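The structure is shown first, and the description follows.

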Amino acid sequence: MPSARRMILGHVMSGLCTKMNRTKQLPADLMETPLNRCLNTFDITLLGIGHMVGAGIYVLTGTVAREMAGPAIVLSFILAGLVSLLAALCYAEFGTRVPKAGSAYVYTYVSIGEFWAFVIGWNIILEHMLGAASVARAWSGYVDSMLGNIVANITMEITGEMHEQLLAKYPDFLAFFVCISYAVALAAGVKATAMINSILTTVNVAVMALVVVLGFWYATPDNWSLPEQGFMPYGFGGVLAGAATCFYAFVGFDSIATSGEEAKNPSVSIPLATILSLCVVTVGYVLVSAALTLMIPYNEINPAAALPDAFGMRGITWAKYAISTGAICGMTTTLLGSLFALPRCLYAMASDGLLFSCFGKVNTKTQVPLLNLALSGVCSALLALLFDLEKLVEFMSIGTLLAYTIVSASVIVLRYRPISVEETVHLAPDTPGTDEEDGGGGIDSSSQSSTIDPSSPTSEMIEIALAGRLRPQFRWLEPVLGRCEPGVACSGAVLMFCVLSVAVCFQLENSWDELYNGTWWALGLYGFLLFCLVACVVVISAHHQNTRGLQFKVPFVPYIPALSIFCNIELMVHLSFLTWLRFFIWLSIGMLVYFLYGIHNSKEGELGTSYSMLMSTSEAIRGWGSTSTALGGGTKVTVTKIIKGRISRKTAGDRQAIVDDDDDEDS
């Protein structure tokens, strides 16, 4: 009996692990969607800028400068912008690979597996809910400060104060109604939303330019060198803490990836809009924060309304009204960006069966998932009603940083993962002679056979076959890595790199003084950990990559994604214990949803095999002609296999005519 129980338990756990690690197989026609593909590159770029330039510049700038970094807020924004840029490059490559709604969730599902995809998707839901709530709270607080705190005073007179430590001082009904109102506005459709966003973002950028010009005109350089304080009054630790908080200002760029299913040409628009919007916003934040801290001393900044008060103190009262207009426009676009992305993430997860099917429905008239939008608006409004801005912002950062970390890791995994049989068949629509221009009917088998002639493989096909295998100059690693399947060593090295990065960052946080003072054990420990980190990167870079079909590629892989992973983990370490506790509570709720519903209703579990799914599509048949028939008829010959045989013979020095013994196997 005990052995039978062990067998049953082993079978159950084996099946569970298989389900958790299954990856999403993309459909033959990636461009097919019930959503409305109507956004061009300009629309998507302004969507990203509008999502990022809002509460961060009008509220967060004053708080960080006054309480965390002082004039060195400029360095905090530069660090946060660089870390975001590293992640943005990874998002841009995935936007080319997978033009689907869902952002990091879909990317992780395709590359790593279902469980981690659900974790990321669940965190993205939290990120956008908190983003919308925090901006609504900032919008309300900004308007209230302009009105002399009338709203707050009246509310506390009617309801009294909430004395619970985890909640805000008073319920913010104005923020609640702002969330609901903008959710209703988004129901009009994506094109109307993009038009409104473009107008408001243009106004906001113009106001930022006004702030920079006037700020530098009235600048006092002595404000960066106050007595006994200087440029970095809180030290480098304050700069890092400020960067971790300023990171909140850049989280909007992943809404660009979420719009992939509504872009006209996602493989071009998504990467271009991501890089452009992030560069514009980073430069804007640095210039505005520099202008603010040069105009008035950092210890005189009003965190609630930093820019209007700064101009008021310099006697430029007319500029206060222009800045207030820009602030309202900026926070409106940021709120629209969060409420735009959240329903689409819910839609992507429900379409895959990981969330309840009712969230996968799209209204046929507006082509918007209305139920998701209503739920997003109500949940965000409730958060804005009960929590203050500081708690919302800190809680939001952890999910975002985790998503960026896994997306960066996914880029490395996919670059070094060998192509499968299913993906080999799926390459057909991209090969010459398979486009729709061929008349829509059957393709002549002779033309198809010339396309994939195994006797003269193209460099692209050779690259596919070599993916995940050791480069010739690293053959000395074969005794260690030679027995690993292609791609496995790289995936393991990525996992080890993440674990070691956590160890290094925690040690830097807890024993920096010992390292700075040159304590022997600290130097030895850090030396060993850094050696292991470098070894992981060397192992990854020792293998061949697969970059087939990528219109945008992250440069210097695996170095840039690895640096992104390390920087994201370093920022996560600086978050408070209470933030981590709230995060694990939210994650526990998500695990209940996944293991009680998602794992049993996943669409990937309903498919027989992804191979048969792809072979049943007209695209697969039309793309491969006679070869696809051979593949489906039981013969085990594949293009990848033929090329591998050819390459192995060439490396062995065989110059005789190639007769593939695999043709006779199990025929």
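## Contacts of Ile125

Leaving aside residues up to four places away in sequence, Ile125 touches Leu342, Cys345, Leu346, Met349, Leu355 and Trp586, where contact means heavy atoms within 4.5 Å. The model is predicted, with local features requiring pLDDT of at least 70 and side-chain atom pairs counting only at pLDDT 80 or more, while totals for chains, interfaces and linings use all residues. Residues are numbered from 1 along each chain as its sequence is written, and side-chain values use heavy atoms, with hydrogens and water left out.

## Nonpolar cores

A nonpolar core is a set of buried Ala, Val, Leu, Ile, Met, Phe, Trp, Tyr and Cys residues joined through side-chain atoms within 4.5 Å; buried means under 20% relative accessible area, exposed over 50%, and partly exposed in between, with a 1.4 Å probe and protein chains only. The largest nonpolar core has 164 residues, of which Tyr58, Tyr91, Tyr105, Phe118, Ile125, Leu335 and Leu355 touch the most other members. Helix H6 (residues 114-146) gives the most to this core, with 19 residues; helices are DSSP runs of H or I, at least four residues, numbered from the N terminus.

## Thr61 in helix H3

Thr61 lies in helix H3 (residues 55-69) and counts as buried because its relative accessibility is 2%. Not counting residues up to four places away in sequence, Thr61 touches Gly56, Ile73, Phe77, Ser289 and Leu292.

Key
Helix = DSSP H or I, 4+ residues; strand = E, 2+ residues; numbered from the N terminus.
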